[in-house]
Amino acid sequence: MTKKTAELHLSDTTTPLDLPVISGTVGPDVVDVRSLVSKGIFTFDPGFVSTASCESEITYIDGDNGILLHRGYPIEQLAEKASFLDTCFLLLNGELPTRQEKADFENTIRYHTMVDQQIHEFFKGFPRNAHPMAMLCGAVGGLSAFYHENLDIEDADHRKQAAHRIIAKMPTLAAMVYKHGVGQPFMYPQNDMGFSANFLHMMFGTPCEPPKVSKTLSKAMDVIFTLHADHEQNASTSTVRLAGSSGANPYACIASGIAALWGPSHGGANEAVLEMLYEINDEKNISNFILKAKDKDDPFRLMGFGHRVYKNFDPRATVMRKICDDVLEELGVKDDPLFRIARKLEQIALEDEYFIDRKLYPNVDFYSGIILKAIGIPTNLFTVIFATGRTPGWISHWDEMLSSPYKIGRPRQLYKGHARRDMP
Ligand code: CMC
């Protein structure tokens, strides 16, 4: 078979430039433009809209067909048959764990859940009303001060240990963020609990009572973490890769990913769903909000509807919807006015021509916001939950990049400023 190439014709040269075309396992081909620099040309693609920034074997998304695969496995199957820790192992190692590997991995993660006692002191410096993402970003960056010393990022075993540490400590830190905000004592992790049950225990338990965590809610939490585990080269993951490409330590890299996730265009949408539901306030106001969303002259959009990549349906939302039902049932809040508004809004939008024509379906954030609210997680902590779930994705991409030869990330620019001029 002849190799595919692309020809680039520049109007001021006679010979076209031949550029190789590279095919992935599945998905669109990419034109390899790496040789252009030697001809003094760069490509221009703000926002990386048409640019593959790296080669990766971790996650594949086909937005037109609503497909999300981790190491080849569909997200629906992982959410049903694998735990969050199985998914972490898969993302990190490329294969699902055997029974023995699963037991060993769970033990390793359990062993690393505690944070250095000095971190408790570190939290005391934050105001009680600090934004949870500010505290998480600071605390994760702060881990570099404790675990950087003996870390050789060129050593695969050291990288793996850092990955385990950070996956294990993230829920502990996330819960500390919450406890600091509400002024309750930090809870130590319980080694006899699973990952997600332990998280809920550290969030809602107090030293005055024996641990008590519902199975349905732990399962729901585990699925929420699993559904957020990775989403290929999104803004925060690309940030982690870019920071890591300079050789920075992994805790600082993950802190940079947390900073990128914090923005409302990335991790903040589930929070916006809840704010919208509060604003709607009553079922009788839904039709007005639908009209506002359809009005071209009104910037309002239905939060939790539509997606930049998924133009058919968001496969994560399908799983999340089912969990949403289970959680509302378990908590006996199916008739809560806020959730009634959510259900009604979903039904009306799904039957409305405007939304059908534009393929605007409820996305993962529509349901995750509702579930997190029902579990009792405050709205301003939603992005912290997202960060906890996304950590294995971030660290797997960081590890993947460092596992093969890599270059420091250094985009070029189209300079539009002054040409050289002399001082007056
Ligand atoms: N409500 C009303 N109209 C909408 C909405 C919405 N939520 N989303 C898109 N549209 C309309 C838009 O006005 C446009 O209409 P027209 O063709 O008549 O001009 C059409 O649908 C296409 O919209 P677009 O802006 O070209 O679509 P996009 O791919 O650029 O935007 C989006 C995707 C997610 C930013 C957008 O759908 C949106 O703002 N949704 C609400 C916010 C939200 O829920 N975000 C969470 C996404 S999931 C998070 C994740 O995976 O990380």
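This note sets out numbered points on the structure shown above.

1. Basis of the model. The structure is a predicted model, in which local features need pLDDT of at least 70 and side-chain atom pairs count only at pLDDT 80 or more, while totals for chains, interfaces and linings use all residues. Residues are numbered from 1 along each chain as its sequence is written, and side-chain values use heavy atoms, with hydrogens and water left out.

2. Terms for burial and secondary structure. A residue is called buried under 20% relative accessible area, exposed over 50%, and partly exposed in between (1.4 Å probe, protein chains only). The areas come from the Shrake-Rupley method with a 1.4 Å probe, and for residues only the protein chains shown count as cover. Helices (H or I, at least four residues) and strands (E, at least two) are DSSP runs numbered from the N terminus.

3. The enclosed helix α2. Helix α2 covers residues 84-93, and it is largely enclosed by the rest of the structure because 9 of its 10 residues are buried. The buried residues of α2 are Phe84, Leu85, Asp86, Thr87, Cys88, Phe89, Leu90, Leu91 and Leu92. After α2 comes Gly94, which has a positive phi near 95°.

4. Cysteines. A disulfide is counted where two cysteine sulfur atoms lie within 2.5 Å, and the count by this rule is 0. Cys88, one of the buried residues of α2, has a relative accessible area of 0%. Its closest cysteine sulfur belongs to Cys253 and is 18 Å away, so the two are too far apart for a bond. Cys208, by contrast, is exposed, at 71% relative accessible area.

5. Salt bridges. The whole structure holds 19 salt bridges, each defined as a side-chain nitrogen of Lys or Arg within 4 Å of a carboxyl oxygen of Asp or Glu. One of them pairs Asp298 with Lys292 at 3.4 Å, N to O. Asp298 is partly exposed at 21% relative accessibility, and Lys292 is also partly exposed, at 31%.

6. In helix α13, Arg321 and Asp325 stand 4 residues apart, about one turn of the helix, and their side chains form a salt bridge of 3.7 Å, N to O. Arg321 is partly exposed at 33% relative accessible area, as is Asp325 at 23%. Arg343 and Glu346 form another salt bridge, at 3.4 Å, N to O. These two residues lie 3 apart in helix α14, so about one helical turn separates them. Arg343 is partly exposed, with a value of 23%, whereas Glu346 is buried at 2%. Through salt bridges that share partners, Arg321, Asp325, Arg343 and Glu346 are joined into one network.

7. A positive patch. Patches are built from residues with over 30% relative accessible area and no salt bridge, joining like charges within 9 Å and nonpolar side chains (Val, Leu, Ile, Met, Phe, Trp, Tyr) within 5 Å. Lys and Arg count as positive and Asp and Glu as negative, with His and the chain ends not counted; each charge is placed at NZ of Lys, CZ of Arg, CG of Asp or CD of Glu. On the surface, Lys296, Arg301, Arg308, Lys311 and Arg358 gather in a patch of positive charge. Arg308 sits in the loop between α12 (286-294) and α13 (315-331), and it is exposed, with a relative accessible area of 74%.

8. A nonpolar patch. Phe313, Leu350 and Tyr361 make a nonpolar surface patch of about 230 Å². Leu350 belongs to helix α14, residues 337-351, and is partly exposed at 36% relative accessibility.

9. Two distances along the chain. Ile67 lies in strand β5, residues 67-70, and is partly exposed at 32% relative accessible area. Although Ile67 and Asp314 are 247 residues apart along the chain, their C-alpha atoms are separated by 7.9 Å. Gly125 lies in the loop between α4 (117-124) and α5 (132-147) and is exposed at 63% relative accessibility. Gly125 and Val240 are 115 residues apart in sequence, and 26 Å separates them in space, C-alpha to C-alpha.
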